[in-house]
Amino acid sequence: MGEFEAVADAVTGGMLGRAVEPATGIRGGRTDEANCLNCGTALVGQYCYVCGQHARVHRTLGAFAQDFLTGALNFEGKIFKTLPMLAWRPGDLTRRYIDGQRARFVSPLALFLFSVFLLFATFQLTGGSSGLNNVSIGDRVYHSTDEAIAGVQGKMATLEAGRARADVGDRPEIDKELAEQKEALNTLTRFKKEGVTNAILASKKSEINSDIPLLNDAYQRAKANPQLALYKLQDAASKFAWLLIPISVPFLWLLFPFSRRFRLYDHSVFVTYSLSFMMLLAIVLTGWSKVGIPRAGVVALLVPPLHMYRQLKGAYGLSRPSALWRAALLLSFAATALGLFAVAVVLLGTSD
C-alpha cells in the first residue's frame, strides 16, 4: 500500500501543479474547426486568441493518454527549459521570470507543488519502509522490538551485576537506572503486544521540560503513541510544506531591507525556486545513496550554499563579495526557517 500511496502522491502533485499553471491549449486531435469549441470565437491560427484553446481538439485514446501524462507529470516542453536553468543558472531563471518571461518556464509555485509531492513519494518508495521497525531508546537504535527487549534485558543484567559489586552509596543511582530500564521493558512489552513497530523511548534525562505548554503536550502525545506521532508528523510535513515560503521570505527581505528595487514578489519567486531546487536535490541524493554511490553527503553540504550564491548573484545583480556575504547570511537564515518549520510541523502534526 505504501508504494501505491507514493505514486498517488506524485500524480496528485503533478495535477496540482497543472492546476496552478494550466496549459495554453490541447495538442493533437482529429477535428478542424472554424470557431473555437470553447468560446466560439472565430479562429485565426492554431490557438484561439481569446481563451488560448488549441484549434484542433483530440478524440483519440492515444491523445488522451498523452494529456494524462502531460497533466499528471507536468512533462511539457518548458520543464526541460526550466530544470537545467534551475540547476546551473538559478539567478538568471529567477530574474527572467520576475521580469515577465513566464510562458517559457514552469512557474515557481507549480514546480514547488510538484517537488513537494515527488519528494515525499520518493521517501516512501526508497526509504519509507526502512526504519519502520526501528526502536530508539536514548542513543541506541534497535532494528526490532524483540531486539530492543533483548538489549534492555541485557543492560538490566549488567546493572544488577554492577549493583552487587558496588558500594552501598552508589546503589541508589544504580537502582534509579534499573527502574528506568524496567519501565522501558514494560513499555516495549506492551508495544510488542499491540503491534507497534516503530517507537522512540526517551530516557528520564531527555524528558522535555519546555516553557511552552503546546510543546509539552505534543511531546506527551508522541511519547504515548510514537508510531501514530511519526505518521502524523510525516503527513503534516507534506501538507504544510508551503509554510516554508511565508516563513522564508521575511528572512530574504532582511538581506535587502527597505530596498525599492527588490520587492516581496521578487523574494517570493526567489524563495520558491530555491526551495524547489533543494527538494529536487534531496530526491536525487536519496536515489544516489540508495544505489550505493558514495559522496552523497559531500554533495549535500557543498551544493546548497553554491546554489544560493549563484541565485543571489544572478537574481539581484550582485557583485561577488556582496553575493558571498549575503549567501553566508542566507544559510543561517535557512537553518532558522527550517527550525521554525519543524516546530510548526510538530505542533500541527501532534495536535488533536
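Over the ring of which residue does the charged end of Arg310 sit? Here are some notes to read alongside the predicted model.

1. **Charges over rings.** The ring in question belongs to Trp88: the charged end of Arg310 sits over it, 4.2 Å from the ring centre.

2. **The nonpolar core.** The largest nonpolar core has 54 residues, and the members that touch the most others are Leu252, Tyr273, Leu312 and Tyr316. Several helices each supply at least two residues of this core, including helix 3 (79-88), helix 4 (90-98), helix 5 (108-127) and helix 9 (226-239). Helix 11 gives the most, with 11 residues.

3. **Aromatic pairs.** There are 8 aromatic pairs in the structure. One of them joins Phe240 and Trp242, with 6.4 Å from centre to centre and 45° between the planes, a tilted pair. Phe240 has a relative accessible area of 26%, so it counts as partly exposed. Trp242 is likewise partly exposed, because its relative accessibility is 46%.

4. **A pair across the sequence.** Now turn to Phe251 and Phe333. Their ring centres are 5.5 Å apart and their planes meet at 35°, so this pair is tilted. Phe251 belongs to helix 10 (residues 244-253) and Phe333 to helix 13 (residues 320-349), which means the pair ties together parts that lie 82 residues apart in sequence. Are these two residues buried or exposed? Phe251 and Phe333 are both buried.

5. **An aromatic cluster.** Phe256, Phe262, Phe270 and Tyr316 make up one aromatic cluster. You have met Tyr316 already, among the residues that touch the most other members of the largest nonpolar core.

6. **A patch on the surface.** To finish, look at the outside. Val44, Tyr49 and Val50 form a nonpolar patch on the surface, and together they have about 360 Å² of accessible area. Where does Tyr49 lie? Tyr49 is in the loop between helix 1 (2-20) and helix 2 (61-73). Why does Tyr49 count as exposed? Its relative accessibility is 60%, and the cut-off for exposed is over 50%.

Definitions and conventions
Residues are numbered from 1 along each chain as its sequence is written. This is a predicted model: local features need pLDDT of at least 70, side-chain atom pairs count only at pLDDT 80 or more; totals for chains, interfaces and linings use all residues. Side-chain values use heavy atoms; hydrogens and water are left out. Patches are made of residues with over 30% relative accessible area and no salt bridge: like charges are joined within 9 Å, nonpolar side chains (Val, Leu, Ile, Met, Phe, Trp, Tyr) within 5 Å. Accessible areas come from the Shrake-Rupley method with a 1.4 Å probe; for residues, only the protein chains shown count as cover. A salt bridge is a side-chain nitrogen of Lys or Arg within 4 Å of a carboxyl oxygen of Asp or Glu. Helices (H or I, at least four residues) and strands (E, at least two) are DSSP runs, numbered from the N terminus. Buried means under 20% relative accessible area, exposed over 50%, partly exposed in between (1.4 Å probe, protein chains only). Rings of Phe, Tyr and Trp (its six-membered ring) pair if their centres lie within 6.5 Å; planes under 30 degrees apart count as stacked, over 60 as edge-to-face and the rest as tilted. A charge sits over a ring if NZ of Lys or CZ of Arg is within 6 Å of the ring centre and within 35 degrees of the ring normal. A nonpolar core is a set of buried Ala, Val, Leu, Ile, Met, Phe, Trp, Tyr and Cys residues joined through side-chain atoms within 4.5 Å.
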